[in-house]
4 protein chains.
Amino acid sequence: MEKIKLTLAIVLVSISSVFAQLPDPGFTIDENTAIVITDPQNDFLSPNGVTWGVVGKSVTENNTVDNIETLFKIAQQKGIKVFVSPHYYYKHDHSWKIEGALEALMHKIGMFDRKGALTTEGFEGSGADWLDKYKKYINDDNVIVTNPHKVYGPESNDLALQLRKHGFSKVILAGMSANLCTESHMRDLVESGFDVSVVKDATAAAILPDINGYEAALVNFRMIASHVFTTEEVVKELKK
Amino acid sequence: MEKIKLTLAIVLVSISSVFAQLPDPGFTIDENTAIVITDPQNDFLSPNGVTWGVVGKSVTENNTVDNIETLFKIAQQKGIKVFVSPHYYYKHDHSWKIEGALEALMHKIGMFDRKGALTTEGFEGSGADWLDKYKKYINDDNVIVTNPHKVYGPESNDLALQLRKHGFSKVILAGMSANLCTESHMRDLVESGFDVSVVKDATAAAILPDINGYEAALVNFRMIASHVFTTEEVVKELKK
Amino acid sequence: MEKIKLTLAIVLVSISSVFAQLPDPGFTIDENTAIVITDPQNDFLSPNGVTWGVVGKSVTENNTVDNIETLFKIAQQKGIKVFVSPHYYYKHDHSWKIEGALEALMHKIGMFDRKGALTTEGFEGSGADWLDKYKKYINDDNVIVTNPHKVYGPESNDLALQLRKHGFSKVILAGMSANLCTESHMRDLVESGFDVSVVKDATAAAILPDINGYEAALVNFRMIASHVFTTEEVVKELKK
Amino acid sequence: MEKIKLTLAIVLVSISSVFAQLPDPGFTIDENTAIVITDPQNDFLSPNGVTWGVVGKSVTENNTVDNIETLFKIAQQKGIKVFVSPHYYYKHDHSWKIEGALEALMHKIGMFDRKGALTTEGFEGSGADWLDKYKKYINDDNVIVTNPHKVYGPESNDLALQLRKHGFSKVILAGMSANLCTESHMRDLVESGFDVSVVKDATAAAILPDINGYEAALVNFRMIASHVFTTEEVVKELKK
């Protein structure tokens, strides 16, 4: 009995240390790899956006705006495909009968609002529009803009389909915000069988007195993704 | 110009305070509400399970084992449907070519392993089996066991379908582990249009030196779900 | 042995006759019921559309254009929600590396082409635009236009989510074309747990020398849906 | 005006002839190609199965049982991965509140019934079991049995995930029954971005007085898949 207990203790210690040394499967960039950017839009990244009051500090600390631009820029230079998954809300989305906490808030503050899918009235420069400095990249031929996602993840848009139809099975993920849309994209792309890495400083999140969205995201990126890069690291790999 | 800055400042303050008072949409339990339990299995909840070394502290602190039992018990008493979404791995899952960090670890430590889907050899009492004290509940007629999920979320099993086919649109979610399977279930059920609440002490997670899975889950439960209950609160509501 | 054979024969006959009397589960319209219309666009329904040469005969025989209008009209009168799932292709869809037969054809003939998701240039009156006579209905408040589907089914758009978020669990389905987008919508909505009926003469399909898409659709509507209506029948029910 | 009409007529004729010559994108078998077999179970393929009275004629005419065996056999010889997507119903599936026509029938006649997911009691030789002659192939290491699908398609099981996790993006599809599970698998795999071909005589379907499921399937295989093979043709390709 003593022996069994001892063995068990050793097993537990060894598992605990296995866990402490959480494996890092790694991520090799190859011709089947695309970049995915979630929500590179004013409402998250511009000081005029409706969430700047809560995400601004994290965006500034991480240097998120420049880091996302760095990814767009090297992709343009190298001809790497970038898939942008935007977030738009229309009038009919405001009549949803079922809403979680942040969904209720997003609708309340008019986040990502557009007049309609078949009109561009009022879109230019709005919170739903791209950050101005990203437009020259997003309008280029290496960038594919998918249908908008409607909650946080890509379950209801064509991101996974577009990636597959273009031959991609590996994804380098970045964008806003870290623990909501970016993380839900990471999780659902993993469930769809993609090999997913995340760029941890080309994202940011809401930080509130009791809620640190960015710290939460870092935990889950580390546990779920194949690898977590910094922008500097991924650029170095992409330049090879 | 000064005026604009001032207005902007007021707007930002007001948004920040809106955020600080993150809305709580609430969750009313009715006849369309079911309970969903993820992974009530030995490998998470038994001291003999392969992850006890890292989740045991959180399971103990939250009183998770008893709290999940409390949910099973009241559901049995009241005839409330419970959907259990288990986690099993077979031999062929060990030959996956694409694995994130925790997936690699789970396969390495033989977590949730079964000999096959069409054999029960070696299952009884294994890490993949139900916690012994839950069996009398799970074997009852009010409990529906779905196909196993294969990564963390229900994207690849029949949980959403079973809920819909049985007429449920609202979910009270609990089980293991908080920031992985439970949270991925929360996120994907929300993307499928379910109204989802979470029971925050009928779950637990791995806590490691630099990684607190439970804290991460609390952040995302609060931001994404319609409401976060304690076991005591939800039981009070269910008794009404 | 003779007895067993005889019993078996009786069983088989009885199963065959059960099948011959394929059950009709029926479909009761209630407050959880919405109408879904696929592809009410020029390329299918206008004599100027790119597929008229092959679908025109079926559209004309079924009186499809008027029957779809009848559904839009009564929905407008009664305030019934209609979800329109359109079909658009952008420049990037023409670089797909994987295409089935009809996908290859649709891209070849420029079907449903739009200049981009964020521009309306050239859209008005194009093959991708709504049939002109439907615009006064589609622009009304009871109609919700979802993201475009990208192959045939709603797997990659927000139709199921919008239905659920608005509280609908039952669908009356019509639109174009019967055995492709309409049928793929029927199949995937059933897989998502919706109760689905189809209006068999508010749809039509390509009829070619060796391929009768409409006949194929009728077989599968009958076997898969909960009920198959004619426009006249469904209008009678909706008027109640 | 006359000129426009003439041009239009020419355009229509040319489109019609494009359609008549429906493109055949073709399907090249390579190392990313797997075979998928739906429902190779007694209830469809054995004279004792509950549907033999309606599918037996089609199964016999197509030589379906032998053709599916041919696929299993060559896959075993060549080490090609085969994914089997089975169809099982448990007690709880019989309490679904929403059922289409065939779903209602399947439950009525006890098709694919099993006592439970965690018991094999009564399974051996039942309608839900594999056709006896396939067991020696299915039990081999090159065959992966997924979770059961629950309606017709793979939306609620792990087929797509298993294919992706094992590195496959191309599928050769066969099994039962042609216009229901096989076709729903074809459609949803296409929506998930797989390149799908179908083996038209390694499948069969219910043929009733007014309903020819097999003819319907042939129409949709031809229009939706990348290529339609005969067993002989695909074996020739696989032997290369």
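Predicted model: local features only at pLDDT ≥ 70, side-chain atom pairs only at ≥ 80, totals over all residues.
**The interface of chain B and chain D**

The contact draws on 34 residues from chain B and 34 residues from chain D, and the two chains bury about 2600 Å² between them, with 52% of that area on carbon and sulfur atoms. Residue pairs in polar contact across this interface, both partners being at pLDDT 80 or more, number 20. The salt-bridge rule finds 4 cases between chain B and chain D, one of which joins K165(B) to E103(D), where the closest N and O atoms lie 2.5 Å apart.

On the side of chain B that touches chain D, the elements giving two or more residues are β3 (143-145) and α7 (159-165) of chain B, and of the elements there α7(B) gives the most, with 4 residues. The make-up of this side of chain B by class is set out below.

| Class of residue, side of chain B that touches chain D | Count |
|---|---|
| nonpolar | 12 residues |
| polar | 10 residues |

**Helix α8 of chain C**

Which residues does helix α8 of chain C comprise, and how far does the helix reach? The helix runs over residues 178-191, 14 residues in length, and its first and last C-alpha atoms are 18 Å apart, which is close to the 20 Å expected at 1.5 Å a residue. After α8(C) comes G193(C), a residue whose phi is positive, near 90°.

Notes: Residues numbered from 1 in each chain as written. Chains lettered and ligands numbered in written order. Heavy atoms only, no water. Contact = heavy atoms within 4.5 Å. Buried area = accessible area lost by both parts, 1.4 Å probe. Salt bridge = Lys/Arg side-chain N within 4 Å of Asp/Glu carboxyl O. Polar contact = N/O pair within 3.5 Å; in protein donor to acceptor, adjacent residues only side chain to side chain. Nonpolar A, V, L, I, M, F, W, Y, C, P; charged D, E, K, R; others polar. Expected span 1.5 Å × (residues − 1).
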